[in-house]
Amino acid sequence: MSYRLLVTGSAGFIGANFVNHWFTNYPNDRVVVLDALTYAGNRSNLAQWEI
Ligand SMILES: NC(=O)c1ccc[n+]([C@@H]2O[C@H](COP(=O)([O-])OP(=O)(O)OC[C@H]3O[C@@H](n4cnc5c(N)ncnc54)[C@H](O)[C@@H]3O)[C@@H](O)[C@H]2O)c1
């Protein structure tokens, strides 16, 4: 079974680490990331997973 996830705040500290953890352990799942890219969000935190 595979899942589709929506991760808000995904470019921040907790969100990016959660996305990294999830893709490392469940590479067949799909993850949609949503972030307002405030001072705390950095898109490069997710660069390795961008397609
Ligand atoms: N290196 C470190 O150890 C480190 C670094 C950063 C934070 N922290 C700690 O982590 C904790 C906080 O981490 P966090 O990940 O919860 O917070 P965060 O502030 O790191 O990230 C929150 C994310 O949510 C996004 N965001 C804010 N409002 C939004 C909105 N309306 N819609 C979409 N996205 C939105 C921000 O742009 C940001 O990317 C704190 O305890 C902090 O001290 C530790």
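Reader: How does Thr38 count, at 44% relative accessibility?

Author: Start with the cut-offs: buried means under 20% relative accessible area, exposed over 50%, and partly exposed in between, with a 1.4 Å probe and protein chains only. Thr38, at 44%, therefore counts as partly exposed. This is a predicted model, where local features need pLDDT of at least 70 and side-chain atom pairs count only at pLDDT 80 or more, while totals for chains, interfaces and linings use all residues. Residues are numbered from 1 along each chain as its sequence is written, and side-chain values use heavy atoms, with hydrogens and water left out.

Reader: Where does Thr38 lie?

Author: Helices (H or I, at least four residues) and strands (E, at least two) are DSSP runs, numbered from the N terminus. Thr38 lies in the segment after strand 2. Its C-alpha atom is 20 Å from that of Gln48, ten residues apart along the chain.

Reader: What lies 2.8 Å from a polar side-chain atom of Thr38?

Author: A polar contact is a pair of N or O atoms within 3.5 Å; within protein, one must be able to donate a hydrogen and the other to accept it, and residues adjacent in sequence count only if both atoms are side-chain atoms. For Thr38, the atom at 2.8 Å is an oxygen of the ligand. A side-chain N or O atom of Asp35 is 2.5 Å from a ligand oxygen. Gly12 uses its backbone: a polar atom there is 3.0 Å from an oxygen of the ligand. The protein covers 43% of the 850 Å² of accessible area that the ligand has on its own. Such areas come from the Shrake-Rupley method with a 1.4 Å probe; for residues, only the protein chains shown count as cover.

Reader: Which residues are around the ligand?

Author: A residue is near a molecule or strand if one of its heavy atoms lies within 4 Å of it. Here the list includes Gly9, Ala11, Phe13, Ile14 and Ala40. The shell divides into six nonpolar, five polar and one charged. Ala, Val, Leu, Ile, Met, Phe, Trp, Tyr, Cys and Pro count as nonpolar, Asp, Glu, Lys and Arg as charged, and the others, Gly among them, as polar.

Reader: What is the phi of Leu37?

Author: Most residues other than glycine have a negative phi. Leu37 has a positive one, about 50°, although it is not a glycine. Leu37 too sits in the segment after strand 2. With a relative accessible area of 47%, Leu37 is partly exposed.

Reader: How far apart are the end C-alpha atoms of helix 1?

Author: The expected span is 1.5 Å times one less than the number of residues. Helix 1 has 13 residues, 13-25, so it should span 18 Å. Its end C-alpha atoms are 18 Å apart, which agrees.

Reader: Which residues of helix 1 are buried?

Author: Gly15, Ala16, Val19, Trp22 and Phe23. They cover an arc of only 130° around the axis, so they are on the same side of helix 1. The arc is taken from the directions from the helix axis to the C-beta atoms. The face turned away from that buried side carries the exposed residues Phe13, Ile14 and Thr24.

Reader: Where is Ser10?

Author: In the loop between strand 1 (4-8) and helix 1. Ser10 is at 1% relative accessibility, so it counts as buried. A polar atom of its side chain lies 3.3 Å from the backbone nitrogen of Leu34. Gly12 is found in the loop between strand 1 and helix 1 too, and Gly12 is buried, at 11%.
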